[in-house]
Amino acid sequence: MVKLAEQRARWDSRLIFLFAAIGSAVGLGNLWRFPYITYKFGGGAFLIPYLIILLAIGIPVLILEFALGQKMQQGAIGSFRKINRRFSGLGFLAAFVCFVVVAYYAVVMGWSLIYMLGSLHAPLPWSGEPEKFFANNVLQRSAGIGDIGSLSVALVVALAAVWIAIFFCVFRGVKSIGKAVMVSMPLPFILLVILFLRAITLDGALAGIAYYIRPDFSLLLSGELWLAAISQVFFSLSIGFGVLIAYGSFNPLRQGITRNAFVVALADTGLSLLAGFVVFGVLGHMALVQNVPIEDVVKSGPSLAFAAFPQALSLLPLAGIFSLVFFVTIFFIGIDSAFSLVEGVTTVVRDRWRRIAVPLVAFIVCGIGFISGLIFTTGAGLYFFDIIDHYVNSYLLVAVGIVQCILVGWVYGAEKMRNYINSVSRMKIGRWWDVCIRWVIPLSLGILMAMQFITDIRAPYEGYPQWAQAIGWGIIILPLAIALLMAFLPSRPSPAAQR
Ligand code: TRP
């Protein structure tokens, strides 16, 4: 990301901004989280809510974040503070979400490093039994969350390598991410198309694809499903993290907004849908071979992409080369997301403690990120991951989304913001946007979150034990409490506010 300077840093061009925003959106969320959540919620049942949420919530919020940063010419905290001082805690919350997400994001990248090395073996070490390879060799998964097992040495080393790579990206204040994305963007599309062609010609693939796209209207009344769609849209578009507000702030005040938001959303969704076709095609094939229903092929959702993609790769000619290229690609599309998540944290820390040197902040954040990630490298790592991902993305992320819409919609004024957006964009947005920001989003998100809260109180999430649920609640209550304190305690004016 571009460094904050006295004179606000700028993207080199409008196109670079667009590429950087796409680079932030496109990541493991598309290749790994999207297929896994879709599978968890029954394939075709998930797709319709996902697309509806994308249009009614994702794109309006994306426009809001670009516009907010561009209008205020400040990152998340500064922008919120400019509207109302009490809301700077919201920027802290967003930064906290960035931190938690990157802690496990880096672990998933670590998995792909292990696959990268595995690609050098012939035959591929996972051919035939991809899920077993993932559970036993990569994760060394234990039987349940109570059984922590031990740290997987390979994963710890991989995680350290990932964090070192992230540190160097952040430390150098990578100015060229926009340019890097020009290469790293088309590559996953091309690879996925190749894998797609392989996948659909497998026996049983069509059954898998049917499972993926055939809508199941009976589940549309499930609040949990809709909330999962919201979390996934937020996660995938990188909204609610404060990062895109900072990206918008590096644009000149008078640059078009609306079309960029649509392009980012389209590219991001296109990649997710394509990844879904590959994964579900392979899943159908695996169901046929193992003679089990599609629902039972993979036992835990987060394993899905790491069972399906390796399987498809091992069935290609020149499997080793394709695997290597594929996992290198995963690593690269992950790393630009990972370091922009870290920047989401460091910017806030620097804003608060301006005297600490920039590299030191990067070092501390990366170090704590690495140490926090160690929990995911234990035998019970995948279970911890499941819990933390659930609590953080269904509550904190969504909470940031709600408050942000209230702040802009009611405190700043949706109409005022829309007038600004329309005054700079060639593609105009209508009053529907005000309605979304002021009413639809806060209300629907609020109701769904409340419903999820009741569900989670009634029955512990996924049946994990109470102490594990307590960790989940703790991780969301603590930062919420701090953000509220920041809102209601008198604070000394921060130097950044006067910038
Ligand atoms: N959108 C990214 C993905 O789909 C993940 C992500 C979430 C992200 N929030 C972010 C990336 C903030 C950069 C900045 O993989």
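1. Contact is taken here to mean heavy atoms within 4.5 Å. On that basis, and leaving aside its neighbours within four places in sequence, isoleucine 476 is in contact with Tyr391, Val392, Tyr395 and Leu396. The model under discussion is a predicted one.

2. Isoleucine 476 has its place in helix H19, which spans residues 466-488. Its relative accessible area is 4%, and because buried means under 20%, isoleucine 476 counts as buried. Glutamate 295, by comparison, stands 181 residues from isoleucine 476 in sequence, and the C-alpha to C-alpha separation of the two in space is 31 Å.

3. At least two lining residues come from each of H2, helix H11 (223-237) and H17, and H17 gives the most, with five residues. By class, the lining of this cavity divides into six nonpolar, five polar and five charged residues.

4. Turning to the pockets, the second largest pocket has a volume of about 300 Å³. This pocket is lined by 16 residues, and those nearest its centre are Lys299, Ser300, Gly301, Pro302 and Glu462. Helix H2 (28-40) and helix H17 (381-424) each contribute at least two residues to the lining of the second largest pocket, which is made up of nine nonpolar, two polar and five charged residues.

Terms used:
Residues are numbered from 1 along each chain as its sequence is written. This is a predicted model: local features need pLDDT of at least 70, side-chain atom pairs count only at pLDDT 80 or more; totals for chains, interfaces and linings use all residues. Side-chain values use heavy atoms; hydrogens and water are left out. On a 1 Å grid over the protein atoms alone, a cavity is a set of points where a 1.4 Å probe fits but cannot get out, and a pocket is an open set with protein on both sides within 12 Å along at least five of seven lines; lining residues have an atom within 4 Å of a point. Grid points are joined across faces, edges and corners, and a volume is the space filled by probe spheres set on the points. Helices (H or I, at least four residues) and strands (E, at least two) are DSSP runs, numbered from the N terminus. Ala, Val, Leu, Ile, Met, Phe, Trp, Tyr, Cys and Pro count as nonpolar, Asp, Glu, Lys and Arg as charged, and the others, Gly among them, as polar. Buried means under 20% relative accessible area, exposed over 50%, partly exposed in between (1.4 Å probe, protein chains only).
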